[in-house]
Amino acid sequence: MASGTNLDAVQAQARAEAAAKTVFPILLSISFCHLLNDTVQSLVPAIYPLLKASFHLNYGQVGRIALTLQLTASLLQPVVGLYTDRRPQPYSLAVGMGITMIGLLAFAMAPTYVSILAAAAFVGIGSAVFHPEASRVARMASGGQHGMAQSLFQVGGNAGSAIGPLLAFLFIKGQANIAWFSFLALLGIVLLANIGTWFRNSRSHHRKPVVADPEHLASLGSAHPHVALSTKQIGWSLAVLVALMFSKFFYLASLMSYYTFYLMNKFHLSIQNAQLHLFLFLGAVAAGTFIGGPVGDKLGRKLVIWCSILGVLPFTLVLPYANLFWTSILSVIIGLILASAFSAILVYAQELMPGRIGAVSGLFFGFAFGMGGVGAAILGKLADLTSIDFVYHVCAYLPAIGILTAFLPDLGPAKVRQPKTATA
């Protein structure tokens with residue numbers, strides 16, 4: 001009797017999910033807030049040359065700033081995700097943005113290198129609080145189009161990452177100018193408080209998910225093809241995804257943290273011109289991000305991961321030998337191709353563990369941040385010991401790890417209906 005009741009509850013939950021509508025106002029709002037959050041974050045690497053000159057830093061010290069920001073975010077995000085899986089906190093989104101605002105103001109007033117590290121830690125903590133619940137909101141508002149929702153959410157963040165260096169180029173002429181960007185964080189707090197209210201009301205109208213045995217889920221013919229996988233297969237698949245994330249974000253760390261220095265050293269560009277090239281690269285990352293989710297929904301996420309990670313290898317191998325014109329072109333191509341992987345990887349992982357959305361989101365966002373920070377620190381030390389050019393020769397081979405995609409089970413394209421648009 002209990003088994004039949006459990007099955008009925010799961011079937012009812014599956015029908016409710018199928019009838020859900022995509023709440024585009026919420027998706028667009030959370031994507032815009034991701035833009036604000038990541039605009040603030042991307043200001044930090046954009047001002048590395050300014051901080052390096054003002055505080056007489058070496059590359060290793062610059063790398064430690066990135067490590068502090070990214071490591072605080074990476075270690076805290078899985079913890080936040082695990083906690084909010086059990087006790088969702090709708091207004092933690094606004095709290096996270098508030099912590100980020102404190103970090104911005106601390107950057108503007110920091111008198112020493114140690115205080116700069118503390119400011120970077122505040123920005124990292126703010127991001128750690130923001131991302132797991134924001135990813136959950138995107139999934140809740142997706143109406144079943146999980147890949148599309150995650151891509152829309154991610155494109156906001158990557159657009160912010162692209163805008164940050166451009167705004168730094170236009171408005172940051174000295175350390176104190178950073179304080180003006182606290183108004184972006186303040187806007188984010190207001191919007192996220194409104195999203196938190198929707199989140200709270202939405203949860204109050206839906207019954208808590210019922211956990212069922214894999215056989216029950218399989219009998220529903222649901223859109224979760226992973227249910228036939230063993231625990232060992234799921235664990236192995238997650239390990240492969242982590243290796244692919246390492247490849248992607250370690251390489252991205254070389255461009256996001258040191259691309260301006262590479263251009264200034266090899267082609268003798270000014271700080272401002274190098275920041276413009278960084279903006280072009282990050283703009284390509286933002287544009288490429290949206291591709292992975294919808295294509296994965298239709299053709300399968302494994303195909304997207306294949307094309308994104310391994311497909312970028314020829315371009316990364318050529319980049320260290322290119323002139324300035326082709327360096328700009330290749331960086332845009334690399335950004336477009338490589339960026340499409342994250343949404344596909346994240347949704348693939350969520351489909352492997354559908355009852356742990358917050359934990360999976362926190363783990364993968366946290367790992368992404370961690371790899372960015374660790375990569376920046378290691379590559380900064382390598383640049384001090386060798387040269388910034390050598391760093392790009394070494395990193396060129398990282399996308400070859402994409403061959404591990406062959407070991408991922410093919411979950412197939414998600415079969416989702418075309419939902420109607422709903423208002424918040």
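**View 1. Share of α10 in the lining of the largest cavity.** In this predicted model, α10 supplies six residues, the largest share of the lining of the largest cavity. Helices are DSSP runs (H or I, at least four residues), numbered from the N terminus. Residues are numbered from 1 along each chain as its sequence is written; local features need pLDDT of at least 70, and totals for linings use all residues.

View 2. A cavity is a set of points on a 1 Å grid over the protein atoms alone where a 1.4 Å probe fits but cannot get out, and lining residues have an atom within 4 Å of a point. The volume of the largest cavity is about 600 Å³, taken as the space filled by probe spheres set on the points. Its lining comprises 31 residues, with Asp38, Gln70, Ser161, Phe249 and Met256 nearest the centre. Two or more lining residues come from each of α2 (24-46), α4 (59-86), α7 (146-171), α10 (231-267), α11 (271-299) and α16 (357-385).

**View 3. Crossing of α10 and α17.** The axes of α10 and α17 (residues 388-395) come within 9 Å and cross at roughly 145 degrees; axes are lines fitted to C-alpha atoms over the stretch in contact, and angles run from 0 to 180 degrees between N-to-C directions. The crossing is left-handed, that is, the near helix is turned anticlockwise from the far one by less than a right angle.

**View 4. Residues joining α10 to α17.** Contact (heavy atoms within 4.5 Å) involves, among others, Tyr251, Tyr258 and Phe261 of α10 and Ile388, Val391 and Tyr392 of α17.

Methods. This is a predicted model: local features need pLDDT of at least 70, side-chain atom pairs count only at pLDDT 80 or more; totals for chains, interfaces and linings use all residues. Side-chain values use heavy atoms; hydrogens and water are left out. On a 1 Å grid over the protein atoms alone, a cavity is a set of points where a 1.4 Å probe fits but cannot get out, and a pocket is an open set with protein on both sides within 12 Å along at least five of seven lines; lining residues have an atom within 4 Å of a point.
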